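Subject: Structure handover

Hello,

Here is the structure I said I would pass on. My notes on it follow below.

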Amino acid sequence: MSTSFDPSTWVWRDGQLIPWADATVHVLSTAVQFGSSVFEGMRSYADAGSDGARIFRLQDHLKRLKHSASIYRMDYAYDMSTLTDACELLLRRNNLRDAYIRPMVLRGYGDMAMHGDTSPIEVIIACWKWGAYLGEEALQKGIDVCVSTWNRPAPNTFPGMAKGAGHYNNAQLIKMESIRRGYAEAVALKPDGTISEGSGQNLFAVIDGVLITNPIDGTNLRGLTRDSVIQLARQSGIEVREQVMPREYLYVADELFFTGTASEVTPIRSVDDIVVGEGTRGPVTGLLQQRFLDLVKGHSEDPFGWCHMVNFDTGKLDE
């Protein structure tokens, strides 16, 4: 499993490029004290047909960032165009094509109260080179997972549709437990015992040729890769159902896979030591994984307009 990354040179912070080592916050910032920040995770891919890069669903990620910030009442000054330009500039100045991009909005240092009303709102974007989240082998052979003893929060406890940093304390517990138990990942259940998602991924099952995933219900994130896979499946003639998924689906499904910006489309080969299907990447998973990767890397058409092209002309590198 890949957990290391290579730091890049520049970070964008409130309109300025600063060195990576200078991208710090005060220990008493509201973000550090109370987890008051929201973020996005985006991937860019080297474009197969040019020297440029393709940022996957950039505008949708930035829109979700805005929504998350609005839910937490963290208004910031930068519009979509400015943040788009910042992402492009970061990739060019760091000379990165295959990269992970992390925009963040946080409450900085200023207010010692929990609500942080007078703390400044800071906007930071970083990027770095990062390979397959669970390793290249995982994309081919799948991973072994368990059902976590930690549930996802009930609706109306945390705003599940907001990508808030504090929410990921729950995800950390789920992930750490799975590693301690010898698994690569875990599936979290809702408070009622039905399936929610992984520690940081949406979950799909294939049963009798039908692609099934649970609806967005306040316990899971409205994943953009999830949405993309649903659209790719329907375009491929695969029936898709969004429905409540009992835990038992994990043990009787023909195929299971995770989706997410980091995970992309990752097959699951066993759950709680029960083999899924034939214990290999299934045909539906393989088809959707290939279609997804071909599209994001520029090996096939992008009929949905999901990929934002970044020009790496030398004349633009020092903008």
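A residue counts as buried under 20% relative accessible area, as exposed over 50%, and as partly exposed in between. R181, at 40% relative accessibility, is therefore partly exposed. Please keep in mind throughout that this is a predicted model.

Salt bridges

R181 forms a salt bridge with E177, with 3.7 Å between the closest N and O atoms. E177 is buried, because its relative accessibility is 8%. A search of the whole structure gives 17 salt bridges, and a few others are set out here.

R226 and E242 form a salt bridge in which the closest N and O atoms are 2.7 Å apart. This pair links distant parts of the chain: R226 belongs to helix α6 (residues 224-235) and E242 to strand β13 (residues 240-242), 16 residues apart. R226 has a relative accessible area of 5%, so R226 is buried, while E242 counts as partly exposed at 42% relative accessibility.

In the salt bridge between D272 and R247, the closest N and O atoms are 3.4 Å apart. Here too the pair links distant parts of the chain, 25 residues apart, with D272 in the loop between β15 (264-271) and β16 (274-275) and R247 in the loop between β13 and α7 (249-252). R247 is partly exposed, because its relative accessible area is 32%.

There is also a network of salt bridges, which links R57, D60 and D227.

E40

Is E40 buried or exposed? With 0% relative accessibility, E40 counts as buried, although its place is in a loop, between β3 (37-39) and β4 (42-46). Its side chain makes a polar contact of 2.7 Å with the side chain of H61. Leaving aside neighbours within four places in sequence, E40 is in contact with H61, R64, L65, I101, R102, P103 and K163.

Nonpolar cores and a surface patch

In soluble globular proteins, nonpolar side chains tend to be buried together. The largest nonpolar core in this model has 33 residues, of which I195, L203, L250, L256, I268 and V271 touch the most other members. For V271, the contacts beyond neighbours within four places in sequence are V145, V147, L250, Y251, L256 and V276. Another core lies apart from this one; it has 25 residues, including V38, M42, I55 and F312.

On the surface, V25, V27, L28, V32, Y109 and M112 form a nonpolar patch with about 530 Å² of accessible area together. Y109 is in the loop between β6 (99-107) and β7 (121-128), and at 45% relative accessibility Y109 counts as partly exposed.

Positive phi

Most residues other than glycine have a negative phi. Which residues have a positive phi without being glycine? R73 is one of them, with a phi of about 55 degrees, and D208 is another, with a phi near 55 degrees.

R73 lies in the loop between α2 (58-71) and α3 (80-93), and R73 is exposed because its relative accessible area is 69%. D208 lies in the loop between β11 (202-207) and β12 (210-213). The relative accessible area of D208 is 69%, so D208 is exposed.

Regards

Notes: Residues numbered from 1 in each chain as written. Predicted model: local features only at pLDDT ≥ 70, side-chain atom pairs only at ≥ 80, totals over all residues. Heavy atoms only, no water. Helix = DSSP H or I, 4+ residues; strand = E, 2+ residues; numbered from the N terminus. Buried < 20%, exposed > 50% of the residue type's maximum accessible area, 1.4 Å probe, protein only. Polar contact = N/O pair within 3.5 Å; in protein donor to acceptor, adjacent residues only side chain to side chain. Contact = heavy atoms within 4.5 Å. Salt bridge = Lys/Arg side-chain N within 4 Å of Asp/Glu carboxyl O. Patch = residues over 30% accessible without salt bridge, like charges linked within 9 Å, V, L, I, M, F, W, Y side chains within 5 Å. Areas by Shrake-Rupley, 256 points an atom, 1.4 Å probe, with all protein chains shown as cover. Core = buried A, V, L, I, M, F, W, Y, C linked by side-chain atoms within 4.5 Å.
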